[in-house]
Amino acid sequence: MEYIAVLAPSVVVGLLFWFAMKAIFNADKSERQAEARAQEEAGFGIANPAGDGSTPAK
């Protein structure tokens, strides 16, 4: 029984960390999808990382 008392805090903190990281990654994924949709609707298509105004090669 004492093993549970020793391991429980670490398990709980680990689960909280896992849920927090999962939420952060899901929010990031949703933000990237929303940004891609916004750029698509604005007519930019794929973002040009160079930023020089040229269109990407197809």
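Predicted model: local features only at pLDDT ≥ 70, side-chain atom pairs only at ≥ 80, totals over all residues.

Visitor: How many helices and strands does the protein chain have?

Guide: Helices (H or I, at least four residues) and strands (E, at least two) are DSSP runs, numbered from the N terminus. Here the protein chain has one helix and zero strands. Helix α1 covers residues 2-42, 41 residues in total, and reaches 61 Å from its first C-alpha to its last. That is close to the 60 Å expected at 1.5 Å a residue, the expected span being 1.5 Å times one less than the number of residues.

Visitor: Where does α1 bend?

Guide: A bend is the angle between axes fitted to the seven residues ending at a residue and the seven starting there. In α1 the bend is about 35° at Ala8, with a proline, Pro9, following within four residues. Just after α1, Gly43 takes a positive phi of about 90°.

Visitor: What share of the residues counts as buried?

Guide: Buried means under 20% relative accessible area, exposed over 50%, and partly exposed in between (1.4 Å probe, protein chains only). Of the 58 residues of the protein chain, 0% count as buried. Leu15, in helix α1, is partly exposed because its relative accessible area is 44%.

Visitor: How is an aromatic pair described?

Guide: One gives the distance of the centres and the angle of the planes. Rings of Phe, Tyr and Trp (its six-membered ring) pair if their centres lie within 6.5 Å; planes under 30 degrees apart count as stacked, over 60 as edge-to-face and the rest as tilted. The structure holds one such pair. The ring centres of Trp18 and Phe19 are 4.9 Å apart and their planes lie at 65°, so this pair is edge-to-face.

Visitor: Which residue forms a salt bridge with Asp28?

Guide: Side chains of opposite charge can pair when their charged atoms come close. A salt bridge is a side-chain nitrogen of Lys or Arg within 4 Å of a carboxyl oxygen of Asp or Glu. Asp28 pairs with Arg32, the closest N and O atoms being 3.0 Å apart. Both lie in α1, four residues apart, about one turn of the helix.

Methods: Residues numbered from 1 in each chain as written. Heavy atoms only, no water.
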